[in-house]
Amino acid sequence: MKIARLKSNPEIFCSLQGEGSRTGTPAVFLRLAGCNLHCAWCDTKHSWGNALELPEEEAAARIRAYRCAGLVVTGGEPLLQQPALLRLLDLLPPQGELYVEVETNGTIAPLPALAQRVDQWNVSPKLDHAGNSPAQALQPQVLAALAALQNTWFKFVVQGEEDWPAIQALGLPQQRIILMPCATTRAALHAARPAVAEMCMRHGVRFGDRLHLELWDDKKGV
């Protein structure tokens, strides 16, 4: 499988989930390489290319070595490598012993076998300010299929109130929508938080902090 390269090593590390409904939960992070979108404010652009090829057996051994009960598969866009991801998960502890989250941009539907194995989907559809074409970034049929899974949360990176109409137009379950400030540094996060918090209160949705920025600023591999 193609894994993002960080300082010549495959990007597999143990940390705390920094975003979403399980913020603060210990987990092993596996960052897969390659993405079908190219967001202007992406904080993991190094994952778009320059990948390391790693057998699923070796990746599984590295993940198991942390002896952690959570796994977060992120990217890049992990669903570009679904067959390899399924092979990897077959080599890891079963459902009930290992809680698996997958971070995805919501443009690719999961295979049925993967949908069954994953405990939580963290879907982050990209709005206009990410710089992708709307036709490429927003796939209503895929988002509807993901919304039909009761273990899906939708995380939106927002810049302000002007983003709400586009979010509302997608017709997603409001109780599973999280709004997060658009920020790639601790200072930017502090500046953006108040407006996004007020936006969440106005529309009755959850505020999503970015714990990794608060703890480690823009450091990678943590």
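This is a predicted model: local features need pLDDT of at least 70, side-chain atom pairs count only at pLDDT 80 or more; totals for chains, interfaces and linings use all residues.
**View 1. Lys155, a buried lysine in strand S10.** Lys155 sits in strand S10, which spans residues 152-158. Its relative accessible area is 2%, so Lys155 counts as buried. Look for the side chain of Glu19: the Lys155 side chain makes a polar contact with it at 2.9 Å. To get your bearings, find Phe13, 142 residues away along the chain, whose C-alpha atom is 23 Å from that of Lys155.

**View 2. The largest nonpolar core.** Here you meet a core of 45 residues, in which Leu30, Leu71, Leu88, Phe156 and Leu179 touch the most other members. Helix H2, residues 82-90, is the top contributor to this core with 5 residues. Another core, of 8 residues, lies apart from it, and Cys39, Trp41, Ile178 and Met180 are among its members. Now zoom in on Leu71: beyond its neighbours within four places in sequence, the contacts of Leu71 include Ala27, Val28, Leu30, Ile63, Leu89 and Leu92.

**View 3. Helix H2 and what covers it.** Which residues of H2 are buried? They are Gln82, Ala84, Leu85, Leu86, Leu88 and Leu89. The elements covering these buried residues include strand S5 (26-31), H1, S7, strand S8 (99-104) and helix H3 (112-117).

View 4. Gln81 belongs to the loop between strand S7 (70-74) and H2. Is Gln81 buried or exposed? With a relative accessible area of 11%, Gln81 falls under the 20% cut-off, so this residue is buried. A polar atom of the Gln81 side chain lies 3.2 Å from the backbone oxygen of Ala33. Setting aside neighbours within four places in sequence, Gln81 is in contact with Met1, Lys2, Leu32 and Ala33.

**View 5. The largest pocket.** This pocket holds about 150 Å³ of space. Around it you will find Val28, Ile63, Arg64, Ala65, Arg67, Cys68, Leu92, Pro93 and Leu98. Helix H1, residues 56-65, provides the largest share of this lining, with 3 residues. Sorted by class, the lining has 7 nonpolar residues, 2 charged ones and no polar ones.

Conventions:
Residues are numbered from 1 along each chain as its sequence is written. Side-chain values use heavy atoms; hydrogens and water are left out. A nonpolar core is a set of buried Ala, Val, Leu, Ile, Met, Phe, Trp, Tyr and Cys residues joined through side-chain atoms within 4.5 Å. Buried means under 20% relative accessible area, exposed over 50%, partly exposed in between (1.4 Å probe, protein chains only). Helices (H or I, at least four residues) and strands (E, at least two) are DSSP runs, numbered from the N terminus. Contact means heavy atoms within 4.5 Å. A polar contact is a pair of N or O atoms within 3.5 Å; within protein, one must be able to donate a hydrogen and the other to accept it, and residues adjacent in sequence count only if both atoms are side-chain atoms. On a 1 Å grid over the protein atoms alone, a cavity is a set of points where a 1.4 Å probe fits but cannot get out, and a pocket is an open set with protein on both sides within 12 Å along at least five of seven lines; lining residues have an atom within 4 Å of a point. Grid points are joined across faces, edges and corners, and a volume is the space filled by probe spheres set on the points. Ala, Val, Leu, Ile, Met, Phe, Trp, Tyr, Cys and Pro count as nonpolar, Asp, Glu, Lys and Arg as charged, and the others, Gly among them, as polar.
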